[in-house]
Amino acid sequence: MIHHVLRRLALGLVTLFLISFLVYGLIRSIPGTPLTVAVAQTDPSRRLNPADLERMKAAYGLDKPWYQAYFIWLSNVARGDLGRSISRKAPVTQLIGERIGPTLALSAGSMLLTWALSIPLGLYAAARSGRPDERAVSLGLYMLYSVPTFVAALALQVVFSVWAEGTAWELPLFGMTSGLPHTTSLGWLADVARHAILPLVCMTYVSLAWYTRFINTNLQEVLRQDYIRTARAKGAGPIRVLVHHAFRNTLIPLVTMLGLSLPALLGGSVIIEQIFTWPGMGRLFFESLRERDYPTIMGLTLLFSLLTLAGQLLADLLYAWVDPRVSME
Amino acid sequence: MTGGQPTADNRRAATPSPRGFWGEAWARFQRMPLAMAGLVFVGLMAVVALLAPAIAGTKPIVCRYKGQIYFPCLAYYGRSLEPVVFSQDKFRGEYPRNLREKDPESWAVWPLVFQDPYRAVRPDEWPGRPGNPARDQGRPGRLNLMGTNQNGVDVFAKMVHGTLVALLVGFVSMGIAATIGVTVGSLAGYFGGWVDAVISRITEVVMCIPTLVLILALLAIVEKPTIWKMMAVLGLTGWPGISRLMRAELLRLRSAEFVTAARAVGASPGRIILRHLLPNALAPVMVPITFGIAAAILTESGLSFLGFGQPPPSASWGSLLNDARSNLKMWWLVFFPGAAIFLTVLAFNLVGEGLQKATDPRLREARK
Amino acid sequence: MPLLEIQDLVTAFHTPAGRVTAVDGISLSIERGMTLGLVGESGCGKSVTAMSVLGLVAAPGRVERGRILLEIDGDPVNLATLPESRLRRMRGGRVGMIFQEPMTSLNPVFTIGNQVAEAVRLHRRASWREARARALELLRLVRIADPERRLDEYPHQLSGGMRQRIMIAIALACEPELLIADEPTTALDVTIQAQILELLADLRRRLGMAILLITHDLGVVAETCDEVAVMYAGKIVERAPAVELFANPLHPYTIGLLAARPEHRAGGKGPLAAIPGMVPQPRDFPAGCRFHPRCGHARKPWCMAEQPQLRELSPGHFVACHFAGELDAARPTEPADR
């Protein structure tokens with residue numbers, strides 16, 4: 001088992017190397033550099049003269065060809081140094097550290113909500129399969145699943161921030177906090193919670209619909225198996241058959257998905273964070289792409305790819321743990 | 001000796017002639033009302049998309065000018081299709097007045113709704129009608145069924161022409177992704193060995209690169225993102241999933257007996273793949289392709305929404321949502337395109353789901 | 001009173017393509033301690049009959065008519081009309097059932113011990129420890145080697161034959177009076193088959209249990225059954241004590257089945273005497289006697305027009321044929337390619 005894990009880690013490292021190499025090349029080929037973009041946005045009177053520009057370029061390593069610059073970056077990373085953001089002038093690790101909390105708050109909350117709601121809902125749908133109430137719920141979930149997040153986000157904003165303006169239903173439009181000072185940390189928590197409601201709903205409804213359908217479909221497949229017939233022949237009641245015999249089998253693919261959702265957990269949703277101006281990783285990514293902030297982009301890409309590979313490994317490990325038929329040889 | 005001859009009853013050739021795999025799947029599909037509804041909706045969309053210039057536009061569908069018959073509306077399909085005479089005569093896109101003034105004998109058949117998806121209608125462009133309201137005054141009304149955006153461009157016209165954009169994006173980008181994915185996946189699955197190893201690594205790398213980076217980077221590199229370049233980019237980022245599925249299918253099928261039989265008769269690998277393996281492997285792949293069309297439309301709208309799509313004025317539904325962001329009081333900029341995207345994605349999802357149920361061999365044996 | 005009496009059972013499936021009658025009015029009875037073999041080709045409805053007894057027919061199938069009387073403490077109880085909660089107490093309690101596919105009939109994510117102990121705990125008040133002890137006992141009963149270790153193993157670690165023994169252990173957990181065995185050896189190797197059959201016979205002797213054995217294998221029937229019922233196209237065509245049936249088959253179908261055995265060819269060599277034609281699909285049942293298109297003795301107009309009822313031709317020997325007893329019974333149906 002250890003061999004397998006080590007082998008996966010080694011392969012993963014190779015893939016990571018390849019990915020970072022490609023991404024670096026890709027983003028360096030995008031026209032514009034952090035300096036030109038930043039410079040273009042400042043007013044003309046503060047334009048740097050060519051000498052200063054050259055000096056800055058050398059300082060940031062932008063004067064070297066990209067494959068050279070890549071290896072410089074790589075050697076830094078090997079020493080644990082992710083570099084400094086060009087546009088924000090702060091260490092990349094610090095930026096990531098600031099943003100990771102808000103992202104985690106949203107995604108962890110969304111995941112907990114999803115699991116807490118979709119498991120009972122999925123069991124219910126499988127138990128009442130074919131009946132009118134199950135059909136209605138399934139159709140409703142299906143339609144929910146088809147609403148794009150940005151449409152839902154905008155619609156919710158229109159309803160709860162514009163139309164509900166001044167009423168008790170109003171929810172804040174942007175940001176994580178309202179920027180006002182708070183007397184207690186509980187007050188701050190409540191403020192964040194109020195701001196988090198809309199983004200959380202947007203993040204959750206899609207995965208809720210998806211997971212419920214998945215559990216339902218999988219359960220129905222499991223219920224067709226021979227060992228369910230055996231369980232019934234033993235005298236087990238419908239609830240026991242569903243919750244004990246069938247669900248335990250559905251848990252197998254479900255748990256592996258837990259592993260695969262690892263990257264999303266920390267990567268955040270770019271669209272939702274953008275719409276709600278939530279200060280998370282997704283937004284950082286988006287902004288640094290726009291600013292051509294190479295160190296930050298590379299740092300985030302590295303993190304994201306690492307999480308993807310780790311997530312796959314986690315999924316495989318969880319699968320082997322939960323399914324007695326599979327061993328990690 | 002009484003013989004045990006089979007009687008006429010027994011020699012029942014009464015089973016109806018088999019319809020083949022796709023014929024049977026189609027019959028099953030037809031029995032699913034929701035899936036059929038989705039298919040009908042997609043069909044309607046296709047009709048609207050094709051007839052867009054005839055439904056909403058400021059150019060006549062057909063007109064007679066100076067003794068000749070012209071079809072100015074074709075300009076909406078491509079700039080170059082606009083009859084040259086109209087630019088020579090300095091129409092500048094304003095047909096109603098110019099036609100009347102420059103040739104009193106002219107007649108024209110106008111689109112159902114006189115609005116343009118790319119610009120605001122100017123006052124008195126259509127005789128007696130005020131121009132489109134600008135800024136946030138463009139509520140849905142009689143002249144502008146779905147309102148106008150901040151630049152005064154009519155939303156209904158944008159929606160109608162956006163249908164063409166959406167369908168094109170969906171089908172073309174998935175077409176590209178499917179072609180690449182099927183080819184790459186089949187090669188990997190059939191040949192195995194180092195071919196498979198190399199292709200699998202490439203697939204893995206492409207899948208691991210954050211999609212957003214890939215798309216945005218590619219878009220930025222091509223500089224001016226036209227709709228065709230967007231489709232190419234979406235296609236180039238969408239193939240790994242299909243490739244993996246094809247590979248799995250081919251791995252499963254290549255050890256099947258009919259393949260060994262084909263090889264025993266001397267068929268070449270190409271022939272085996274094309275004639276024997278692909279028809280069998282395609283069925284399960286059709287489903288993610290259908291879902292992929294919806295996903296492509298979603299992604300394009302999302303990108304337009306974020307500001308990365310076609311530069312304005314664009315007819316994409318996502319661009320309307322982008323307009324909505326700056327002024328949320330203009331709810332019509334959210335709900336109409338939002339509903340359209342929702343219904344489109346729903347329709348494709350229903351069709352994909354129906355396709356899955358219709359072609360799933362396991363479900364066929366459920367009744368024993 | 002017999003332990004189990006099935007009277008005029010009709011089980012049908014309501015598919016999108018129409019109503020399919022899998023079991024069309026059959027009657028059976030099993031005395032305590034007796035083994036009844038239900039024989040027939042694939043698709044004749046014998047499995048559906050077995051499932052109907054315990055109400056386990058899969059949707060869209062339903063028991064539509066008939067009575068299934070189980071004798072409990074001297075009184076007949078109609079299983080067909082029993083509410084589900086009470087029927088559940090029968091399943092695994094008074095009536096055990098084992099199935100054809102041992103490889104897939106055990107839940108892959110629970111241990112053997114867990115699954116056998118569950119069978120005990122569903123019907124008796126027992127702690128996990130007591131149930132586990134009983135499970136160990138049962139494993140020994142079905143002759144599993146090294147039972148302590150097996151208790152904590154998972155189904156995928158056992159062979160097909162062993163899994164079938166576990167199934168038997170589960171079915172016997174609460175000492176049922178009747179065991180329904182639906183083709184228990186069909187999916188197993190011949191040598192394992194013999195072992196399982198021997199085990200069943202031994203258990204029957206020791207526990208005084210009655211067995212309803214469903215099979216398509218005449219050899220199995222000859223070895224294990226006291227009485228045999230032959231099923232064709234949803235109906236019972238002949239029923240008799242085993243010895244009598246093999247010595248003196250009266251229905252043309254039974255005659256054909258017995259004649260088709262390889263060891264019964266004339267001189268032991270030559271073409272197999274197959275029954276011409278095929279088993280009809282439920283949708284295409286012929287009018288009149290369902291066997292008549294394949295029967296060498298069919299005569300107009302009776303065989304084509306009227307379904308024969310079961311008649312007792314000699315004590316305990318029932319036949320559903322218009323001309324039973326009048327045929328030249330010694331002559332098997334001719335092979336088609338004469």
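Trainee: In β2(C), which residue is the bridge partner of C:F13?
Mentor: The partner of C:F13 in β2(C) is C:V20. Please keep in mind throughout that the model is predicted.

Trainee: What makes β1(C) and β2(C) a pair of strands?
Mentor: Two strands pair if there are at least two bridges between them. Strand β1 (residues 4–15) of chain C and β2(C) have ten bridges, in the antiparallel sense, so by the cut-off of at least two bridges they pair. C:L9 and C:I26 are bridge partners here as well.

Trainee: Why are β2 and β5 of chain C called edge strands?
Mentor: The open sheet has four strands in the order β2-β1-β4-β5 (chain C), with antiparallel pairing. β2 (18–30) and β5 (75–78) each pair on one side only. Neighbouring strands of this sheet are turned by 15 degrees against each other on average, direction ignored.

Trainee: Which helix lies across β1, β2 and β4 of chain C?
Mentor: Helix α1 (residues 46–53) of chain C does, and the helix runs at about 110 degrees to β1(C).

Trainee: What is the strand order of the open sheet of eight strands in chain C?
Mentor: The order is β6-β7-β8-β3-β9-β10-β12-β11, and the pairing is mixed. The edge strands are β6 (95–98) and β11 (311–314), each pairing on one side only. From one strand to the next, the twist averages 20 degrees.

Trainee: In which sense do β7 and β8 of chain C pair, parallel or antiparallel?
Mentor: Strand β7 (residues 178–182) and strand β8 (residues 210–215) pair in the parallel sense over five bridges. On β9 (227–232) and β10 (235–241) of chain C lies helix α10 (residues 252–259), across both strands and at about 105 degrees to β9(C).

Trainee: How do you know what span to expect of α9 in chain B?
Mentor: The expected span is 1.5 Å times one less than the number of residues. Helix α9 (residues 227–254) of chain B has 28 residues, and 40 Å is expected. The helix reaches 39 Å from its first C-alpha to its last, close to that value.

Trainee: Where in α9(B) is there a kink?
Mentor: A kink of about 35 degrees lies at B:W239, shortly before the proline B:P240.

Trainee: Why is the pairing of A:R240 with C:E118 called a salt bridge?
Mentor: The cut-off is 4 Å from a side-chain nitrogen of Lys or Arg to a carboxyl oxygen of Asp or Glu. The closest N and O atoms of A:R240 and C:E118 are 2.7 Å apart, so the pair is a salt bridge by that cut-off of 4 Å. Between chain A and chain C the count is three salt bridges. About 2100 Å² is buried between these chains, and carbon and sulfur atoms give 61% of the area.

Trainee: How many salt bridges are found between chain A and chain B?
Mentor: The rule finds one across that interface. The side chains of B:E353 and A:R213 meet in a salt bridge, at 2.6 Å from N to O.

Trainee: What area do chain A and chain B bury between them?
Mentor: They bury about 3600 Å², 83% of it on carbon and sulfur atoms. A:Y142, A:F150 and A:L154 supply 16% of the area that chain A buries against chain B, more than any other three residues.

Definitions and conventions
Residues numbered from 1 in each chain as written. Chains lettered and ligands numbered in written order. Predicted model: local features only at pLDDT ≥ 70, side-chain atom pairs only at ≥ 80, totals over all residues. Heavy atoms only, no water. Helix = DSSP H or I, 4+ residues; strand = E, 2+ residues; numbered from the N terminus. Axes fitted to C-alpha atoms, helices over the stretch in contact; angles between N-to-C directions. Contact = heavy atoms within 4.5 Å. Bend = angle between axes of the 7 residues up to and from the residue. Buried area = accessible area lost by both parts, 1.4 Å probe.
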